[in-house]
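Here are a few notes on this model, written with the contact between its domains in mind. Have a look at it first, then read on.

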Amino acid sequence: MKVFVTGASGWIGSAVTDELLAHGYAVTGLARSDASAAALEAKGVTAHRGSLDDPASLAAAAEAADAVIHLAFNHDFDNYDAAGRTERTVVSAMLEALEGSDKRFLFASGAAGAATGRPATEDDPSPFHGPDSMRGGSENLALGYADKGVHPVALRFPIVHGRDGDPGFVAYLAQIARKQGVSGYIGDGSSRWATVDRRDAARAVRLALEKAPAGFRAHPVAEEGIPTRELAEALGKRLDLPVRSISPEDAPAHFGWMAMMFSLDGATSSEITRKTLGWEPTGPTLLDDIAAGAYDA
Ligand SMILES: NC(=O)c1ccc[n+]([C@@H]2O[C@H](COP(=O)([O-])OP(=O)(O)OC[C@H]3O[C@@H](n4cnc5c(N)ncnc54)[C@H](OP(=O)(O)O)[C@@H]3O)[C@@H](O)[C@H]2O)c1
């Protein structure tokens, strides 16, 4: 089976690509630069040169594949609305190309936003609709194609951590702690982050490709919710920095755009995903990774 993976050179996408190759899939990966194309080709991936700004090219690659895993995203948090609109345009173009094909279309999403006061479950619909909402409302758009001859599956990733160069949220939090000289948490630090090891996440994506029903919202979540206070304490201990509560009023100045994410309660259940996919995470926890020095530099 030939799978078109966008974001194949990224943090999650490179692990997903390795997982697919190890299980006999042929992978075509989107590459927007010579460096990304070379890295993909070195591991046996066919590079499809293109960019999120060229939806027609992505639609053609999607049509030529047997399945699509869409993980590319422009993480410009200073211009997040534009990134969301681009996401919607690209997702729309690929879905239109796949209409009536019954092909699988797996795409990255996030579990945050259910705001129910309990861990989000796979049955909670995304509250985001329309091009100006979070990620361009792409989750609802894509899942709607289950009625149009596409097999869509949402991959609602939590915080995806690991020891080999995580460029994401935890690395940014560690950077803020070093810059501020204090490892902070907001208020009483009771808001929680759900997490998963990168390779466990990749295995869940491969199993979702193989087993998830159309319209499924997969939660590749290992730890349902680590209190942000514990996260700040682990970073403070490892980085030898004091740990302190930052008031919600001071949080935007201290954390920048991360304040919003760090104050949201992102607790997320994965019970339905584990049963449906037969997936069990086995990798280290985020606190293990922090203690092992994964976020030192
Ligand atoms: N990491 C997490 O904790 C987390 C949590 C929740 C959801 N997610 C979602 O999961 C997906 C994958 O995340 P990630 O952590 O793997 O992200 P990442 O490491 O930032 O990788 C992003 C990928 O998108 C590609 N890309 C970015 N802009 C592009 C453009 N304009 N044209 C073509 N390709 C472009 C990058 O290519 P280059 O390699 O060439 O830069 C890279 O392959 C994203 O949708 C993300 O929002 C991630």
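How many aromatic pairs does a search of the whole structure find?

1. The search finds 9 aromatic pairs, where rings of Phe, Tyr and Trp (its six-membered ring) pair if their centres lie within 6.5 Å. This is a predicted model, in which local features need pLDDT of at least 70 and side-chain atom pairs count only at pLDDT 80 or more, while totals for chains, interfaces and linings use all residues. Residues are numbered from 1 along each chain as its sequence is written, and side-chain values use heavy atoms, with hydrogens and water left out.

2. The domain assignment, which is automatic or from a database, gives domain 1 (2-159 + 196-218) and domain 2 (167-195 + 223-267 + 283-291). Their centres, taken over C-alpha atoms, are 27 Å apart. Domain 1 brings 12 residues to the contact and domain 2 brings 13, with contact meaning heavy atoms within 4.5 Å.

3. About 1100 Å² is buried between domain 1 and domain 2, and carbon and sulfur atoms give 72% of that area. Buried area here is the accessible area (1.4 Å probe) that two parts lose on being put together, summed over both. Phe77, Pro119 and Ile159 supply 50% of what domain 1 buries against domain 2, more than any other three residues.

4. Between the two domains the count of salt bridges is 0 (a side-chain nitrogen of Lys or Arg within 4 Å of a carboxyl oxygen of Asp or Glu).

5. Phe77 returns in an aromatic pair with Phe169, 5.9 Å centre to centre with 55 degrees between the planes. That makes the pair tilted, as planes under 30 degrees apart count as stacked and over 60 as edge-to-face.
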